[in-house]
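Subject: Structure handover and notes

Hello,

Here is the structure you asked about, with the sequence alongside. My notes follow below it.

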Amino acid sequence: MMICFCLFLLHFSLQVSTPQEPQNRVDRRAQAMVNVEGGRKGMDEKISRTEDEWRRVLTPEQFYILRQKGTERAFTGEYWNNHDDGSYLCAACEQELFEADHKYDSGSGWPSFWKPVRKEAVTEHDDLSLFMRRVELVCSRCDSHLGHVFEDGPEPTGLRYCINSASLKFVKRGK
Ligand SMILES: [Zn+2]
């Protein structure tokens, strides 16, 4: 009789310890999983996620631009007119991509840089969409879409790295 009672208690405690989790709990866990794994893997190792996982940790606008190669409208993003000193990280995986020192006013309405913080941080792909030949830029760590690079930038490189604000996370120097 006592054993039956104990088994009943055990069964009951297992039932109450595994409640259904609300959706927002799952989202925070997914975000934490990206951060923990990112920290453990180091910044040079690739991150691969399913699109469902990315959808859970990014805002709808970030998901559209970073994962579906979207483009924000010119002069609407957060950083095209940002002149603060600091670093620009990938909004998806937080790899450092660009420095404020290499940012310039291109007049395009998108954040523009004449070089990445290091060339290994961005990967170039041929982009033949929209009846044009362009060079697409993706983050080398998580393969998220950033923007394009054009050959009409200032010296010394002559390049214009034209990046969506939504693909970036700005960290002010000293913070
Ligand atoms: Zn990234």
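I start with strand β7 (residues 145–150), which is mostly covered, as 5 of its 6 residues are buried. A residue is called buried if 20 or more other C-beta atoms lie within 10 Å of its own, exposed if 12 or fewer do, and partly exposed in between, with C-beta atoms placed from the backbone. Helices (H or I, at least four residues) and strands (E, at least two) are DSSP runs, numbered from the N terminus.

Two points on reading these notes. This is a predicted model, so that local features need pLDDT of at least 70 and side-chain atom pairs count only at pLDDT 80 or more, while totals for chains, interfaces and linings use all residues. Residues are numbered from 1 along each chain as its sequence is written.

Overall layout

The chain has 4 helices and 9 strands. In sequence order the pattern is α-α-α-α-β-β-β-β-β-β-β-β-β. Of the 175 residues in the chain, 27% are buried. Two residues are in contact if their C-beta atoms, placed from the backbone, lie within 7 Å. Among contacts between residues at least 6 apart in sequence, 56% join residues at least 24 apart.

The sheet

Strand β7 belongs to an open sheet of 6 strands, in the order β3-β4-β8-β7-β6-β5, with antiparallel pairing. Two strands count as paired if DSSP finds at least two bridges between them. The edges are β3 (103–104) and β5 (122–127); each has a single partner strand, so one side of each is left without a neighbour in the sheet.

On one side, β7 is joined to β6 (residues 134–139) by 4 bridges, and the two strands run antiparallel. Within this pair, valine 138 has histidine 145 of β7 as its bridge partner. β7 is also joined by 4 bridges to β8 (residues 160–163), again antiparallel. Here histidine 148 stands opposite cysteine 162 in β8, and glycine 147 has isoleucine 163 of β8 as its bridge partner.

Further along, 6 bridges join β5 to β6, which run antiparallel. Threonine 123 stands opposite valine 138 in β6.

The core

What lies at the centre of the largest nonpolar core, in terms of most contacts inside it? Cys90, Ala92, Leu97, Cys139, Tyr161 and Ile163 have the most contacts inside this core, which has 28 residues. At least two residues of this core come from each of α4 (60–68), β1 (86–90), β2 (96–99), β6, β7 and β8. A nonpolar core here is a set of buried Ala, Val, Leu, Ile, Met, Phe, Trp, Tyr and Cys residues joined through C-beta atoms within 7 Å.

Leaving aside neighbours within four places in sequence, tyrosine 161 is in contact with Phe98, Ser112, Phe113, Pro116, Leu137, Gly147 and Val149.

Helix α4

In α4, the residues Gln62, Ile65 and Leu66 are buried. They span an arc of only 85° around the axis, so they sit on the same side of α4; the arc is that of the directions from the helix axis to the C-beta atoms. Pro60 and Gln68, on the other side of α4, are exposed. β7 is included in what covers the buried residues of this helix.

Backbone details

Most residues other than glycine have a negative phi, and most peptide bonds are trans. The following places depart from that.

- Lysine 69 follows α4 and has a positive phi, near 60°. It lies in the loop between α4 and β1 and is partly exposed, with 17 other C-beta atoms within 10 Å.
- Leucine 130 is in the turn of the β5 and β6 hairpin, which has 6 residues between the strands, and has a positive phi of about 55°.
- Aspartate 143 takes a positive phi near 60° in the hairpin of β6 and β7, which has 5 residues between the strands. Aspartate 143 is partly exposed, with 17 other C-beta atoms within 10 Å.
- Glutamate 155 and proline 156 are joined by a cis peptide bond, with omega about 15°. Proline 156 lies in the loop between β7 and β8.

Regards
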